[in-house]
Amino acid sequence: MRSGTGRTGADLSGGMDSTALCFLTARHEPELVTLNRRENDRENGENRFAAECARQLPDGTHLVLDPRELPSAFEDPGALTDHEEPIPLFRELAATGRCAELLAEHGVQRQLAGFGGDEIFGGPPGHLHSLLRQRPVKAIRQLRGYRSLHRWPLLPTMAALLAAHDVAHWWREQSDRLTAPNGPRHHTALDWGPAPLRAAPWASADAVAAARAELRTAATEAEPLAPDRGRHQLLTALRTAAPGYRRLVRRYAAAGVRLELPYYDDRVVEAAIAVRPAERASPWRYKPLLAEAARGTAPDAVLQRPVPAPRPDAGVGADVHIGLRRHRGAVLALFTDSELAAHGLVDTGVLRKHLLAPHVEPRTLVALEHLLGCEAWLRGVTQGSTGRTDAPATAS
């Protein structure tokens, strides 16, 4: 499927991360092929930014895909994956494969994407814990901004800032509270972990017990990735997401396209974390470090965009809800013969109840995506599949 033209492509979502990469690349590759996947959310301003940015790249080829042109979320829920580990980005597998094929049809051999930008430029707020002890005036000023932006409740916020426990305590607490009710949507995100771990409602008692034991074991071996919570949070987020993105890289490679993620490059990460956390992120300015780095290259309208309000839907947009409505029957049918259920890990009755509810919560949809990834992985392991864990993560 690979042509001999060797063109370079780049995602152009309209967000700052991908836009900066597009304009930086276009300085050397003016005939860049950009890819913009539209979303059904009517208030998604990134579609407008992407259209304006495309007009400022007149020599490029701009592919704009309407949601109707791609497989919807949760399409083919029974697709098998390789044996490396459960893939967390399962709902997008079919659409990702189609994008890779389309790029290959346009002669693209190398595609750049902005994954990782949120982690290294968004800056987890855990740095406030150390900043309060080092520069209390600045910490309190930033804290006010973060509380206003994220609507953090005062007492839990102060408790998290004053707590001095280590990372092992955080893992033990996750074990103890694995089946506790979900906390408020506006989580303070100031502890060692980005968010509390909670078992899905359909997890069986055996699954919960096994998870508790693993979390306890993790607590006995836990070492922070960095001395302060903010940098630990950032590195944890990168290391947690990396395996999923590696699977996307393989998906592109299967179509003959090399997917490159510059924000995951070691030198880029090292340069970003060398900047003081309080300067790398701000509650009043959107991704200031990236904005300064891309000044004069990317459009000011994108670099000076205001800090977006946090989404209460956990990043689950309209397209995900539409996908579930279309493929709910296929998802339910998959779990009538579930490997996870056969191993005593899932209560399919509880799962069915949640998926047939009049309104499926965003948290449920996130948990469902992880569940499908686990089911696909276990089916591949127990039933056999063509998936390989030694397959190269690059186009041959």
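## A tour of charges and rings

Select Arg55: this residue is exposed, with a relative accessible area of 58%. The model you are looking at is predicted.

Stop 1: Glu52 is partly exposed, at 33% relative accessibility. The charged end of Arg48 sits over the ring of Phe49, 4.9 Å from its centre.

**Stop 2: helix H3.** Now select Arg98 and Glu101. They too form a salt bridge, and here the closest N and O atoms are 3.7 Å apart. Helix H3 (residues 93–105) holds both, 3 residues apart. Arg98 is partly exposed at 28%, and Glu101 is partly exposed at 33%.

Stop 3: Which residue forms a salt bridge with Asp17? Select Lys287: the closest N and O atoms are 2.7 Å apart. Asp17 lies in helix H1 (residues 16–26) and Lys287 in the loop between H12 and helix H13 (288–293), so the pair ties together parts 270 residues apart in sequence. Asp17 is buried at 9%, and Lys287 is buried at 4%.

**Stop 4: a charged network.** Select Asp82, Glu84, Arg246, Arg247 and Arg250. Salt bridges link these five in a network. Across the structure, the salt bridges number 21.

**Stop 5: Arg280.** This residue is in helix H12 (residues 277–280). Arg280 is buried yet has no salt bridge. The nearest side chain of opposite charge, Asp228, is 6.6 Å away. Look instead at Ala272: the Arg280 side chain reaches its backbone oxygen at 3.3 Å. Arg280 also touches other residues, including Phe121, Leu234 and Pro288.

**Stop 6: the rings.** The whole structure has 5 aromatic pairs. Start with Phe121 and Tyr263. Their ring centres are 5.3 Å apart and their planes stand at 85 degrees, so the pair is edge-to-face. Phe121 lies in helix H4 (residues 117–122) and Tyr263 in the loop between strand E5 (258–260) and helix H11 (266–273), so the pair ties together parts 142 residues apart in sequence. Phe121 is buried at 7%, and Tyr263 is buried at 6%.

Next, select Tyr146 and Trp152. Their ring centres are 5.9 Å apart and their planes are at 10 degrees, so this pair is stacked. Tyr146 is buried at 4%, and Trp152 is buried at 3%.

Finish with Phe115, Tyr245 and Tyr264, which form one aromatic cluster.

Note on methods:
Residues numbered from 1 in each chain as written. Predicted model: local features only at pLDDT ≥ 70, side-chain atom pairs only at ≥ 80, totals over all residues. Heavy atoms only, no water. Helix = DSSP H or I, 4+ residues; strand = E, 2+ residues; numbered from the N terminus. Buried < 20%, exposed > 50% of the residue type's maximum accessible area, 1.4 Å probe, protein only. Lys, Arg positive; Asp, Glu negative; His and termini not counted. Salt bridge = Lys/Arg side-chain N within 4 Å of Asp/Glu carboxyl O. Polar contact = N/O pair within 3.5 Å; in protein donor to acceptor, adjacent residues only side chain to side chain. Contact = heavy atoms within 4.5 Å. Phe/Tyr/Trp six-rings, centres within 6.5 Å; stacked < 30°, edge-to-face > 60°. Lys NZ or Arg CZ within 6 Å of the ring centre and 35° of its normal. Lists of a residue's contacts leave out its neighbours within four places in sequence.
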